[in-house]
Amino acid sequence: MNNTKLTVSHAPFWHDGDSLFQKNLNYMLALLPAAIFGILQFGAPALGVMALSLSCAMLWELVINRISKKPATIGDLEAAVIGLLFGMMLPAITPWWIIVVGTFVAVFIGKMIFGGIGGSPFNPTLIGMAVLMMSWYMFFDFDTAYVDYEFAFTALAPLAAVKAQGAAAADMFALGDLLMGREVGAIGATFGLGLIIGGIYLILRGYARWELAVSFIAGILVTAFLFHAASPDAYAGPLFHLLSGYTLLGAFFLITESASSPVNRIPMLIYGFLGGFMIILMRNVGAYADGTILAILLVNVVSPLLDNIRPNALGKGMNNA
Amino acid sequence: MREMISMIVVLTLLASVSGGLLAAVKSGTEVRIEEQILQFQKAPAIESLFTDVTNDPLKERFNLETEGGTLQMFPGKLQDGSKAVAFETFGKGGYGGDIGLMVAINLDSDQLVGARVTTHAETPGLGSRAKDDLTFVSQFNNKPVDANLALKADNGSIDAISGATVTARAVTRAAILAQELYSQLKPEILKQIQ
Amino acid sequence: MAQSLAKEFTKGLWAEIPPFRLVLGLCPTLAVTKTVENGIGMGLATTFVLVFSNLLISILRNAIPPKVRIACYIVIIATFVTIVELVMQAFTYPLFLTLGIFIPLIVVNCIVLGRAEAFASKNTPVLAVADGLGIGIGFTLSLASLGAVRELIGAGTITIWGGNPVFAVGDWYHPFSFMVEAPGAFVALGLMLACMNLIGKK
């Protein structure tokens with residue numbers, strides 16, 4: 001008798017023969033259109049923020065590798081993706097020390113503490129963002145951040161405007177403008193078209209799961225539509241919600257993070273939908289202007305529970321077989 | 001059987017000794033605790049309500065008997081010579097229990113001087129704004145005693161605190177209670193102040 | 001005798017320091033350590049309860065019937081906790097207000113009941129007092145150090161007693177207020193536990 005016990009490790013499971021390096025390189029490639037647009041729109045400071053964020057994230061990972069006497073893992077570019085995403089979620093004039101602390105929280109508390117890659121129960125980037133927003137929310141107000149800039153469009157953060165002035169404020173922002181990035185927001189979150197192109201590229205290459213992105217977007221559209229239909233004066237329409245704030249970044253790059261999301265198809269669909277539902281709930285009922293970060297963190301918690309919904313194992317027809 | 005008796009005896013003895021000890025400590029600290037509550041909870045509220053009184057409201061305090069128990073009254077002489085009185089009421093149904101509200105009323109004009117939250121256990125950052133952010137309680141300033149002090153949502157005249165309607169409603173309950181008490185007690189208050 | 005007395009006292013300061021080594025009493029550890037002052041106040045209150053309940057339980061250890069021992073311990077502990085509560089209310093009222101519900105909750109603090117059951121009920125009064133004092137001071141030190149880390153990073157100040165900071169970093173510092181919020185307590189405690197284990201390993 002062979003009594004070898006096989007231990008099933010946790011997510012992620014799927015594999016297409018690529019190395020982590022290739023996967024993360026493709027992630028960064030997919031993020032590039034939105035990032036470059038951010039630099040064009042907000043100028044050199046945006047480049048500075050993203051460069052510092054990316055390099056800090058990698059540096060922190062290297063430091064932690066050294067302290068814990070483990071082989072250096074920055075070569076797989078996971079930290080670089082965290083850093084780049086983190087930088088893209090900040091306003092262009094973020095002070096340097098916020099980025100240094102934020103990437104530390106994201107890489108150390110969000111990822112390395114749980115054993116590095118694949119172990120994090122939460123999306124590391126979002127942990128960093130949530131902690132920073134709790135401490136220094138005044139630096140994340142996009143209206144005051146860009147006070148020195150001159151824009152050729154409405155210089156108001158769409159979601160904050162809707163939160164403060166009601167759904168009528170949504171009419172100030174043409175949907176085409178939101179799609180083409182003619183809005184005030186985080187460096188890499190304004191250019192909706194670029195994010196969509198990058199996201200579709202990732203999905204086609206198989207790096208991001210379409211189930212997550214599609215059900216997430218469906219969750220947003222359906223919930224926002226219901227709110228809008230119930231009271232058009234109080235709640236903005238579904239497409240406005242989809243194209244403003246961090247939503248598109250969340251749909252293609254944040255909720256699809258493989259370590260913290262479920263692995264089976266039905267759980268993935270529920271997970272994504274729940275994320276989208278929570279975002280709209282937070283925006284329309286809750287106190288936050290943009291609930292993307294907290295909503296995704298919240299569904300991260302549900303992810304292991306959802307993975308209990310799984311297909312029956314083959315050949316397991318009877319008990320104690 | 002012997003074990004049973006010993007169990008009962010030991011537990012009874014322990015409980016009664018403990019009860020006696022606690023009663024002694026309680027009566028020993030009672031006066032001081034009352035002073036401390038006065039100093040740390042009521043005094044700041046009274047001081048911020050009576051900013052320019054010519055007397056010492058804390059020293060001149062007196063007690064009035066009401067149906068709900070003893071009520072401490074803090075009389076104040078305002079700059080323009082009119083008399084006022086402050087006392088604390090509790091509004092039921094806050095998010096974290098009752099909310100204490102110190103209400104000051106001008107006896108000559110029958111107008112509220114103002115109101116301040118004294119004790120609460122509300123959520124920090126949301127309900128706690130009732131105490132920390134004076135824009136909400138300053139709505140009570142100079143309202144006549146017969147004004148409707150309920151929330152606007154309850155057909156009254158007070159704006160709620162955004163995100164903390166439950167807290168705001170409990171505060172208005174305390175204010176309404178203060179109005180009732182005042183109209184009942186006014187003759188007695190005047191008698192005491194003379 | 002003197003040697004074992006010293007041993008019982010010092011074990012609470014390092015080898016069995018409650019929140020870090022025994023990982024006991026985490027509820028007050030996480031909840032009240034927003035400032036050093038809160039940590040010290042909570043720690044001293046717990047120390048008082050520990051010393052006197054240990055002493056009394058040790059004296060009565062032969063009189064207490066084993067079947068109702070837990071009930072007896074709870075009566076004794078609850079008595080001292082109520083005394084602490086009343087005394088704090090009378091003399092350190094602002095501290096009493098900030099610690100709030102966590103003072104009465106000392107009754108169910110597993111450190112106190114744990115020492116009563118594991119140590120005081122089996123040892124002489126002198127040893128029991130030494131044990132209670134050691135564990136209590138160890139608890140106070142851990143709460144104060146956790147409070148110091150959280151307050152320094154989260155508010156940029158150090159408040160030891162009386163509500164006024166004895167040290168403030170300055171206006172240039174933007175407080176990392178995450179650390180004084182509830183989730184910051186978990187992160188700070190986790191990191192300190194990790195550091196303790198790192199030191200203990202070597």
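User: How many residues of chain B are in contact with chain C?

Analyst: This is a predicted model, and the interface between chain B and chain C buries about 1800 Å², with 81% of that area on carbon and sulfur atoms. On the chain C side 21 residues take part, and the number of chain B residues in contact with them is 19.

User: Which residue of chain C forms a salt bridge with B:Glu3?

Analyst: Between chain B and chain C the count is 1 salt bridge, alongside 5 residue pairs in polar contact. The side of chain B that touches chain C comprises 11 nonpolar, 5 polar and 3 charged residues. A salt bridge requires the nitrogen and oxygen atoms to lie within 4 Å, and B:Glu3 has its closest N and O atoms 3.6 Å apart in the pairing with C:Lys67.

User: Which helix gives the most residues to the side of domain 1 of chain A that touches domain 2 of chain A?

Analyst: Chain A is divided into domain 1 (20-138) and domain 2 (149-182 + 191-306), and these two domains bury about 2500 Å² between them, 70% of it on carbon and sulfur atoms. On the domain 1 side, A:Tyr27, A:Met89 and A:Leu126 lose the most area, together 22% of what that side buries. The count between the domains is 0 salt bridges and 6 residue pairs in polar contact. Helices H1 (20-42), H3 (78-88) and H5 (124-135) of chain A each supply at least two residues of that side, and the one that gives the most, with 12 residues, is H1(A).

Key
Residues numbered from 1 in each chain as written. Chains lettered and ligands numbered in written order. Predicted model: local features only at pLDDT ≥ 70, side-chain atom pairs only at ≥ 80, totals over all residues. Heavy atoms only, no water. Contact = heavy atoms within 4.5 Å. Buried area = accessible area lost by both parts, 1.4 Å probe. Salt bridge = Lys/Arg side-chain N within 4 Å of Asp/Glu carboxyl O. Polar contact = N/O pair within 3.5 Å; in protein donor to acceptor, adjacent residues only side chain to side chain. Nonpolar A, V, L, I, M, F, W, Y, C, P; charged D, E, K, R; others polar. Domains from an automatic or database assignment. Helix = DSSP H or I, 4+ residues; strand = E, 2+ residues; numbered from the N terminus.
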